[in-house]
Amino acid sequence: MSALDELVVERLAVVRERIRRAGGVDVTVLPVTKTFGVEACWAAVHAGCTAVGENYAQEVVAKLGGIERPFGVHFIGQLQTNKVRMLAPIVTLYETVDRASLVTELAKRVPGARVLVQVAALDEPGKGGCALSEVPQLVTTALDAGLDVLGLMTVGPTVGGPEAARECFRAVRAMLDRLQLSVCSMGMTHDLEVAVQEGATQVRVGSALFGERPPASALAR
Ligand SMILES: *Cc1c(COP(=O)(O)O)cnc(C)c1O
């Protein structure tokens, strides 16, 4: 095991303990490896994770396109329709489906694609997601297009601290139950306890496992 492998094993144990203390059972940790090298993906896999989360299409292709991947790749960034084609051979779950045009493109390029519908349960423009009230229609549209809709995903607010996310997480979980879907992807490093308390089945964790990232604004994309 490399030093990074050992570090990630330790940090993953800490994350799992945080989930346990928040009352979580059967909560999957999706390690978010964006901006980190492929060695971060391998460290997560060696620590027992079966998939990684990535945000940027170009980075996904450059980092994971040419290698054998005995692990899943969840796309968790804002998804442009013109990027679906390049992602299709690599991505195993699209977590940020938030509009009908994206459903159409996925159905065309990746028939039967496994997806989550992203919910914007808060007023922060530019972060993606459809309004909670539009979720049932978009889920129906995706199912009609033959996509495999596993559940819902949301990103909590960046301001107001973890408690500010509780209402959003609760509403998303209630919608999940109403639609009888199974995967509820919510909670990140700073608010995973609240997400677990409100019924997350998957938390997406980056910095708690791999350390701080450079600010997104510093990355040319
Ligand atoms: C970057 C990112 C994460 C991980 O964030 P951390 O705060 O580093 O845990 C989770 N979900 C999404 C959608 C992200 O973009």
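Which residues of helix H3 (residues 57-64) are buried? Select H3 in this predicted model: the buried residues are Ala57, Glu59, Val60, Lys63 and Leu64, where buried means under 20% relative accessible area, exposed over 50% and partly exposed in between, with a 1.4 Å probe and protein chains only. Viewed down the axis of H3, these residues fall within an arc of 160 degrees and therefore line one face of the helix; the arc is that of the directions from the helix axis to the C-beta atoms.

Next, select Gln58 and Ala62, the exposed residues on the face of H3 turned away from its buried side. Then display the cover of the buried residues, which includes helix H2 (38-46), strand E2 (51-54), strand E3 (72-75) and helix H4 (84-87). Contact means heavy atoms within 4.5 Å. Helices (H or I, at least four residues) and strands (E, at least two) are DSSP runs numbered from the N terminus.

Now show the whole chain. Its secondary structure comprises nine helices and eight strands, and its C-alpha atoms fill a box of roughly 45 × 40 × 30 Å along the principal axes. Colour the chain by burial: buried residues make up 50% of its 221 residues. Of the contacts with a separation of 6 or more, 54% come from residues 24 or more positions apart.

Residues are numbered from 1 along each chain as its sequence is written, and side-chain values use heavy atoms, with hydrogens and water left out. Local features need pLDDT of at least 70, side-chain atom pairs count only at pLDDT 80 or more, and totals for chains, interfaces and linings use all residues.
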